[in-house]
Amino acid sequence: MHQAQTVDELLAANRGKDRYQAPDYYGIDDLLSEEQKLIRQSAREWIKQNISPVIEHYAQLSEFPHHLIKGLGEIGAFGPQLPAEYGCGGMDYTTYGVLMMELERCDSGIRSTASVQGSLVMYPIYKFGSEEQRKKYLPKLATGELMGCFGLTEPDHGSNPGGMTTRYEDKGDHYLLNGAKMWISNAPFADIAVVWAKGPDDKIRGLIVERGMEGFSTPETHGKWSLRASATGELVFDNVRVPKENLLPNVEGLKGPLTCLNSARYGISWGALGAAMDCYDSALRYAKQREQFGRPIAGFQLQQKKLAEMITEITKAQLLVWRLGQLMDAGKATPSQISMAKRNNVEIALNIAREGRQILGGMGITGEYPMMRHMANLESVVTYEGTHDIHLLILGMDITGENAFV
Ligand code: TGC
Ligand code: FAD
């Protein structure tokens, strides 16, 4: 590890080393508009110039690269799908997906930060907040001047968030919040938290909790082997007085947080595909260069099988998310269609990271190549926003009409 290296030193040492070329075996680029391709190109260039040179260093240190926040805001990574009148991108869902794909191509932890900000903090404020809340928070969240986190999961309630025990009481001129959330992305540095809690009527509502409110703390979770460049923490509420105007007025029940998750899970289905594309691209380049037994290893049938199967799965996943983007933009995508895409694309990405790592032999376990980092990151991605099994059961319920959760 090079703890003494500054960002400038990392940029000087590593700029230009990222040789990523996005695989597009079926000409799926033709399905994107010129504007979507332009936005993608500028994001890709910025990521190559600014994230790629530093990401391995921050992952090794297990630190979030805070200096990237301003630039992420500038490339439109925070809330690109929300209206421009609130300072957001005003783009369509396909463009949002493409941006998540570019970010996660580089690192799932950076995409996580953007997903949480755009889909789990800005989206609920936009969708369920008052006009005052939208105007107060959205423009600053879009630039990264304010950062947010989303508190749904609790120590004893992960897959079953409906069982949550975090509660608020109505104290007349304010709410009093008690409880704890765990595994919260961005928590250690977030300025605000969108927190889901049960009220006096036992219904789940969203509250905007601000850093600095007495009794609110965000201890960091250490020792992760996955998503090391993303900051994860707890949210602890010990008699926190939350002003009444911080309640999201326009939703009640579990459908509030689950509606936000539809948007975030959609972004993950594109993002995980990006990680898969990066692993394939690295493995293909390596296989063509690396020689054993007097020839490139790309010439061996066993390696060709791996690479051919990878590009087949990537192509299928690209078509899946492209179509899902169309459905999202038409307002027709169902939660179970989103579950199918999230589940499939994370699974193929994990398999491709594992197979790609093998193609690199010993080099595959080093930080010289992205495989091991992607593979470890994807273990979180396959777990958060609904586990692999939970998404199967959501899909199973939709096609059979039988609810396996009860
Ligand atoms: P159930 O009784 O089925 O539903 C309760 C109410 O919610 C409605 N609903 C939805 N609404 C919108 N979108 C969806 N996807 C919805 N799914 C359900 C449903 O219609 C009902 O509405 P109403 O009006 O009748 O009250 O709920 P359940 O308690 O049986 O649970 C269902 C289950 C298991 C599918 C759900 O709870 C679930 O998805 N569990 C997984 C939990 C999860 O995904 N947690 C994610 C935490 S956030 C996170 O991980 C962020 S990581 C971010 C990063 O770093 O990138
Ligand atoms: P559990 O729910 O305890 O599940 C354990 C196992 O049991 C899983 O394999 C699961 O599939 C299985 N299982 C559970 N129920 C069933 C069932 N009915 N049938 C079959 N199998 C079942 N949460 C937030 O709210 N905000 C965040 O920002 C956030 N960020 C995260 C970041 C990271 C790095 C991680 C790892 C998690 C994050 N989470 C966040 C939490 C995440 O959403 C949960 O970890 C996830 O929903 C699973 O909950 P759990 O870990 O409690 O597992």
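Colleague: How much area is buried between domain 1 and domain 2, and what share do carbon and sulfur atoms give?

Modeller: The size of an interface is often given as the accessible area lost when the parts come together. Here domain 1 and domain 2 bury about 1700 Å², with 64% from carbon and sulfur atoms; this is the accessible area (1.4 Å probe) lost on being put together, summed over both parts. Remember that this is a predicted model: local features need pLDDT of at least 70, side-chain atom pairs count only at pLDDT 80 or more, and totals for chains, interfaces and linings use all residues. Residues are numbered from 1 along each chain as its sequence is written, and side-chain values use heavy atoms, with hydrogens and water left out.

Colleague: Where do the domains run?

Modeller: Domain bounds come from an automatic or database domain assignment. That assignment gives domain 1 (20–143), domain 2 (148–246) and domain 3 (255–400).

Colleague: How many residues are in contact between domain 1 and domain 2?

Modeller: Contact means heavy atoms within 4.5 Å. On that basis, 28 residues of domain 1 touch 18 residues of domain 2.

Colleague: Which residues form a salt bridge?

Modeller: Look for a side-chain nitrogen of Lys or Arg within 4 Å of a carboxyl oxygen of Asp or Glu. The rule finds 1 salt bridge across the interface of domain 1 and domain 2. Lysine 136 pairs with glutamate 210 in a salt bridge, their closest N and O atoms 3.4 Å apart.

Colleague: Which elements give two or more residues to the side of domain 1 that touches domain 2?

Modeller: Helices (H or I, at least four residues) are DSSP runs, numbered from the N terminus. Here the elements are α3 (52–61), α6 (108–128) and α7 (131–143), and α6 gives the largest share, 12 residues.

Methods
Chains are lettered from A and ligands numbered from 1 in the order in which they are written. Buried area is the accessible area (1.4 Å probe) that two parts lose on being put together, summed over both.
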